[in-house]
Structures are given as structure tokens and as C-alpha cells.
Amino acid sequence: FAFFETLADANNNTNPITNDTAYNNQVASNDIVFARITNANNCSVFAQVNLVVNPLPVVTSPVTLPLCDDDTDGIIAFNLTDANALISTNSTNETFAFFETLADANNNTNPITNGTAYNNQIASNDTVFARITNANNCSISAQVNLVVNALPVVNTNIELEQCDDDTDGFSIFNLTQA
């Protein structure tokens with residue numbers, strides 16, 4: 001095998017591509033090279049090799065997924081799939097997997113198995129990573145910040161008092177005083 005940038009070079013067996021294991025395409029997105037295949041009898045055939053560069057998914061990163069704490073411990077079950085549409089406008093045509101580390105997301109190892117009920121590991125805020133794969137099997141990672149917001153602290157037993165100005169049992173209250 002020998003590879004060439006033009007069919008003429010392949011025919012003449014001149015100017016072969018010297019680094020065929022790490023060749024950078026010369027035309028953006030779609031390029032052509034030619035392979036010259038020669039057998040032991042010195043007979044050659046040629047093949048056109050189309051070099052197609054598929055795009056990565058277009059993502060927004062980081063994104064924030066906030067929830068309100070339900071018991072003041074800073075831990076809550078997140079549905080990580082809620083982040084899909086925040087990460088990509090093409091999310092319905094892509095595959096998402098979630099990971100606890102960026103290295104795992106990049107290597108597609110140790111995925112989070114229960115992404116619809118994932119408890120954050122660090123109280124109040126945590127980070128997970130999504131691996132987004134498109135139809136061309138191209139993948140990219142994105143950061144998802146998990147934020148657990150504290151509930152407001154309030155007195156749940158509030159009493160507002162007004163004097164009855166005309167003995168009918170009714171009065172006007174300013175509810176904002178509560």
C-alpha cells in the first residue's frame with residue numbers, strides 16, 4: 001500500500017504520503033486521497049479514499065441544574081436527563097451518558113447507572129459530566145453543575161391582628177406584614 005494526494009501521483013508512483021498513520025486532510029470536512037495497492041507480481045490497482053470529517057455535537061458547557069433542598073441536608077435526587085436540553089439544542093437526536101469525572105466521560109468509562117435519580121455526592125453543589133454522542137458517533141463532554149438551593153427559613157405560624165372598626169368581624173389586612 002502507498003497513499004497519494006492525487007491520482008496522477010498514484011499512477012506514476014511519485015510523491016507518496018510519507019506519514020500515512022497520521023495524515024492531516026488538506027481540504028476541510030471532505031478530502032480525497034488515493035491508495036496504490038501493488039501485489040507481489042508488481043501489478044497495481046488504485047482506490048479512492050474519501051476522508052470525511054464529521055462534526056462534534058454543539059454543546060453549551062457548563063450548564064447548571066438547580067433543585068430546592070427538601071430536608072436541609074444539601075443532598076437531593078437529580079434527574080440528570082433534565083440537563084440534556086440545556087446542553088444541546090439537538091438533544092433529541094443525540095445520546096447522553098453521565099459520569100462523575102471528566103476523565104470517565106472522555107473515556108466513556110464508569111457511567112452513572114441511575115441518571116434519573118442521582119444523589120449529588122457533595123452537599124449543596126456538585127459537578128457531573130455528560131458525554132454527548134451524535135448520529136455520526138462523534139462525542140464531546142460537557143460539565144453539569146448540580147446546585148441544591150436551601151429552602152427559605154420562615155416562621156410557619158404567623159398571626160396578623162387588626163381591630164374590628166365596625167363590629168362586623170371583618171377588617172383590612174396588609175398581608176405583606178407577614
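Colleague: Why does Asp166 count as partly exposed?

Modeller: Asp166 has 43% relative accessibility. Buried means under 20% relative accessible area and exposed means over 50%, with partly exposed in between (1.4 Å probe, protein chains only). The value for Asp166 falls between those limits, so partly exposed is the label. Keep in mind that this is a predicted model, where local features need pLDDT of at least 70, side-chain atom pairs count only at pLDDT 80 or more, and totals for chains, interfaces and linings use all residues. Residues are numbered from 1 along each chain as its sequence is written, and side-chain values use heavy atoms, leaving out hydrogens and water.

Colleague: Thanks! Where is the place of Asp166?

Modeller: Look in the segment after strand E9 (139-149). Strands (E, at least two residues) and helices (H or I, at least four) are DSSP runs, numbered from the N terminus.

Colleague: Which residues form the negative surface patch, and what are patches made of?

Modeller: Asp164, Asp165, Asp166 and Asp168 form it. Patches take residues with over 30% relative accessible area and no salt bridge, joining like charges within 9 Å and nonpolar side chains (Val, Leu, Ile, Met, Phe, Trp, Tyr) within 5 Å. A salt bridge is a side-chain nitrogen of Lys or Arg within 4 Å of a carboxyl oxygen of Asp or Glu. Asp and Glu count as negative, so this Asp patch is called negative. For Asp166, 43% passes the over 30% test.

Colleague: What is said of phi in Thr167?

Modeller: Thr167 has a positive phi of about 55° although it is not a glycine. Thr167 also lies in the segment after E9, and its 74% relative accessibility is over 50%, so it counts as exposed.

Colleague: Which other residue has a positive phi value without being glycine?

Modeller: Asn110, with phi near 55°. You will find Asn110 in the loop between helix H3 (102-107) and strand E7 (118-119). Its relative accessible area of 55% is over 50%, so Asn110 is exposed.

Colleague: What makes the peptide bond from Ser61 to Pro62 cis?

Modeller: Its omega is near 0°. Pro62 sits in the loop between strand E3 (44-52) and E4.

Colleague: And what about Thr64, buried or exposed, or in between?

Modeller: Thr64, in strand E4, has a relative accessible area of 42%, between 20% and 50%, so it is partly exposed.

Colleague: How many residues has the largest nonpolar core?

Modeller: It has 18, and those with the most contacts inside it are Leu80, Ile87, Val144 and Leu146. Strands E4 (63-68), E6 (95-99), E8 (125-133) and E9 each give two or more residues to this core, and E9 provides the largest share, four residues. A nonpolar core is a set of buried Ala, Val, Leu, Ile, Met, Phe, Trp, Tyr and Cys residues joined through side-chain atoms within 4.5 Å.

Colleague: Why does Ala97 count as partly exposed?

Modeller: Ala97, in strand E6, has 24% relative accessibility, which is not under 20%, so it cannot be called buried and counts as partly exposed.

Notes. Areas by Shrake-Rupley, 256 points an atom, 1.4 Å probe, with all protein chains shown as cover. Charge placed at Lys NZ, Arg CZ, Asp CG, Glu CD.
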